Amino acid sequence: MKFTLSWLKDHLDTTATVDAIAEALTDLGLEVEEVTNPAARLADFTIGRVLKAEPHPDADRLRVCQVLTDAGETQIICGAPNAREGITVVVAKPGVYVPGIDTTIGVGKIRGIESHGMMCSEREMELSDEHDGIIELPSGEVGERFIDWLADNDPAKVDPVIEIAITPNRPDALGVRGIARDLAARGLGKLKPQAVVPVPGAFPCPIAVSIDADTADGCPVFAGRVIRGAKNGPSPQWLQDQLRAIGLRPISALVDVTNFFTYDQNRPLHVFDADKVKGSLRIHRAAGGETLVALDDKTYTFQPGMIVISDETGPESIAGIMGGDPTGVTEDTVNVFLESAFWDNVQIALAGRALRINSDARYRFERGVDPEYTIPGLEAATQMILDLCGGEASEVVVAGAVPDHARAYRLDYARVQSLVGMDIGESQQRQTLTALGFRLEGSMAHVPSWRPDILGEADLVEEIARIASLTLLQGQPLPRLTPGVPKAVMTPRQRREGMARRTCAALGYNECVSYSFIDKAAAALFGGGNDATMLENPISSEMSHMRPSLLPGLLQAAARNQARGFMDLALFEVGPAFDGGEPGEQHNLVTGLLVGRTGPKDVHGGSRPVDVFDVKADAEAVLAAIGAPAKVQILRGAPGWWHPGRHGMICLGPKKVLGIFGELHPKVLKAMDVKGPAMAFVLWPDEVPEPRKAGATRPALDISDLQAVERDFAFVVDAGVEALTLVNAAAGADKALIEDVRVFDEFVGGSLGDGKKSIAVTVRLQPREATLKDTDIEAVSAKIVEKVQKATGGTLRG
């Protein structure tokens, strides 16, 4: 929305500067996007008088002029054909920037003669395209600033232009009148009264209007009148200057009047050439397929239900959007039909989008105009046309009735403090609303018809606070709800998730955040993809199901990275996975993925492919960080997407699973297009038992001062027996005394024979009450042998 300062002053009696107005507008919520002030770039130009002009001795077209300026008599070389003695000119002295030629004037020599400045043309000062000669002023004193002379003699050339951004909820600010009203309410001037005097009709209107019954919801009221004997020509200079300043091209007096009211009052109008209208005008819905050549010379085809204005021959205007070329006014137009209507904003927006037309009328009608100004706007425009073009007006014809948008809300004076936190007195609140056009009856505020955005008591508070300025808000600390040190904000679960993220990142993993929705095929690979997790309205076929695990998202990320040449990856994610669509059918997971090698190749051979023990160590590190017990069991029995012989379940018992680590099944990697092998871990942080004592301090270090004892055992077992089974059996011989069991050797073949192997383990015994004696050690050793024999069928190797 653009307007000039002089246009604003037509409605606002103010002495405020452009900068003060721009600052106030932004503070009021009408953000100023640009201020174009011609006077700023012309401030250094002054008026001079040519005392003498002689031909240049070495150039036929140049003249050596002696010019009287505020700095005294100055010599200037000029090539303009009208440079002569006695004229009053505009002078740019050395050091002045000339915008039209993008040059800063200096002292120079032209054909051997010094020139101390420049006498300017209008194009060089960006005042117009005129460049046939330098500016000749009819008046002016030597040394006077040129912008001061323009302000007195041609103010349009130095009229500042302000452009503001309009939010969709402020259609009233699409008219200069509405902007002036806001500024007056802020205190930057006084809103000038505006009285609309009805123009009496001299004869009955020869063009009747009607609205079809099925169209009344889209056009509640349609009014118009004929003005005959008008002389359509160029509009007056002041009107052309105003329209040009805001970027509009003056067309003719009749069209310029409608454009003026569009921007001045936010009241779009349209003029028909009455002699081209056949019969009456009818507002109705299109049947579909009708066409119209609009004023932009484009042909539009109407869809069924669009609102059009037709005469007896067919459509003549696209309702509320653009007029038609067949009935458009021209220089030869003598009789016109002036139309003013109120249209439903939603239907105008839908039609404009469907036809792909952007016009000033559509822009305003789809945001909302003042319904009660429909008839007064017609009267005001009629008077302006009569003043500019002459003629006589008919009686006004009206179809329908102005819709009743009257509404009122209670003004609660204390609510400003509770909602906004500003202390504004009762009298100031009432004064503010009155200045904005509200009518107050007791505690009820009646909303003006030009404010469709006011829909409740909170909106009244917003208006009061907006006019008072939200910059006056003072920051206030929130009061403590309880005395003393406040309780922790984060829950234990949140703290665990945060610690898991930090630990994974410290281990060298990169965090991923993937969608909770995946495709059915990927979900089926990890035990999901059923109807319980299927979305009713998926946004795409690749997001049809809730994810049963975080692994699909990590594997998809790995595949994308591998496709781009990044083969060595360490990724992790913390988030929910879903068993169903009901509340509670989800669980939080911490999932990590290793693909490729441990590092880049080097001469020392430190790089190797990642293996199961890498993810096992990382899983144990994360569990330790979130408070899991140190003593756990490693069991088999993970789901089918894990490699059957290269995984482990971290358990506190057969039914208490804290996590799974291992290699992913090759068939899963193939389906996800990941070049393997790939190692992963999945942890259930919610399964980790809460500490018995909750406190900010760490518990005391529990360490035994007694000597630990280590004993080695070698067992001969069948080749198919897993080492894990043997380790678990040995560890279970005496859980209180046995601290650790480690495999340190495996031997196959030789004297053991076919189908046999030897597994050697070290068992660490840590006493806590008394030093172990030989008898104690022998007793524990016997239990270990017994447990291993029972679990594996193996024997102690001799």
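Which residues in α7 meet which residues in α10? Select both helices and find out.

**Before you start**

This is a predicted model, where local features need pLDDT of at least 70, side-chain atom pairs count only at pLDDT 80 or more, and totals for chains, interfaces and linings use all residues. Residues are numbered from 1 along each chain as its sequence is written, and side-chain values use heavy atoms, with hydrogens and water left out.

**Stop 1: two helices**

Select α7 (253-264), then α10 (residues 374-389). Helices (H or I, at least four residues) and strands (E, at least two) are DSSP runs, numbered from the N terminus. From α7, pick A253, L254, V257, F260 and F261; they meet G377, A380, A381, M384, I385, L388 and C389 in α10. Contact means heavy atoms within 4.5 Å. By class, this contact has 11 nonpolar, 1 polar and no charged residues. Here Ala, Val, Leu, Ile, Met, Phe, Trp, Tyr, Cys and Pro count as nonpolar, Asp, Glu, Lys and Arg as charged, and the others, Gly among them, as polar.

Two packed helices are described by the angle between their axes and the distance between the axes. For α7 and α10, the angle is about 145° and the axes are 10 Å apart. Axes are lines fitted to C-alpha atoms, for helices over the stretch in contact, and angles run from 0 to 180 degrees between N-to-C directions. The crossing of α7 and α10 is right-handed. A crossing is left-handed if the near helix is turned anticlockwise from the far one by less than a right angle, and right-handed if clockwise.

**Stop 2**

Move to N266, in the loop between α7 and β17 (270-273). Is N266 buried or exposed? N266 is buried, at 6% relative accessibility. Buried means under 20% relative accessible area, exposed over 50%, partly exposed in between (1.4 Å probe, protein chains only). Not counting residues up to four places away in sequence, N266 touches several residues, including P171, D172, F261 and R364.

Now select R364. This residue lies over the face of Y263, 4.4 Å from the ring centre. R181 lies over the face of W450, at 4.1 Å from the ring centre. A charge sits over a ring if NZ of Lys or CZ of Arg is within 6 Å of the ring centre and within 35 degrees of the ring normal.

**Stop 3: aromatic rings**

Show W7, W238, F260 and F261, which ring pairs link into a cluster. Rings of Phe, Tyr and Trp (its six-membered ring) pair if their centres lie within 6.5 Å; planes under 30 degrees apart count as stacked, over 60 as edge-to-face and the rest as tilted. The count comes to 9 aromatic pairs. Why is the pair F713 and F715 stacked? Their ring centres are 6.2 Å apart and their planes are at 15°, so the pair is stacked. F713 is buried at 9% relative accessible area, and F715 is buried at 0%.

**Stop 4: a strand residue**

Select V32 in strand β3 (residues 32-36). V32 is buried, at 18% relative accessibility. Leaving aside neighbours within four places in sequence, V32 is in contact with A22, L25, T26, I162, E163 and I164.

**Stop 5: backbone details**

Go to G676 and P677. A cis peptide bond joins them, with omega about 0°. P677 is in the loop between α18 (666-671) and β38 (678-683).

Finish at D102, a residue other than glycine with a positive phi near 50°. D102 is exposed, at 56% relative accessibility.
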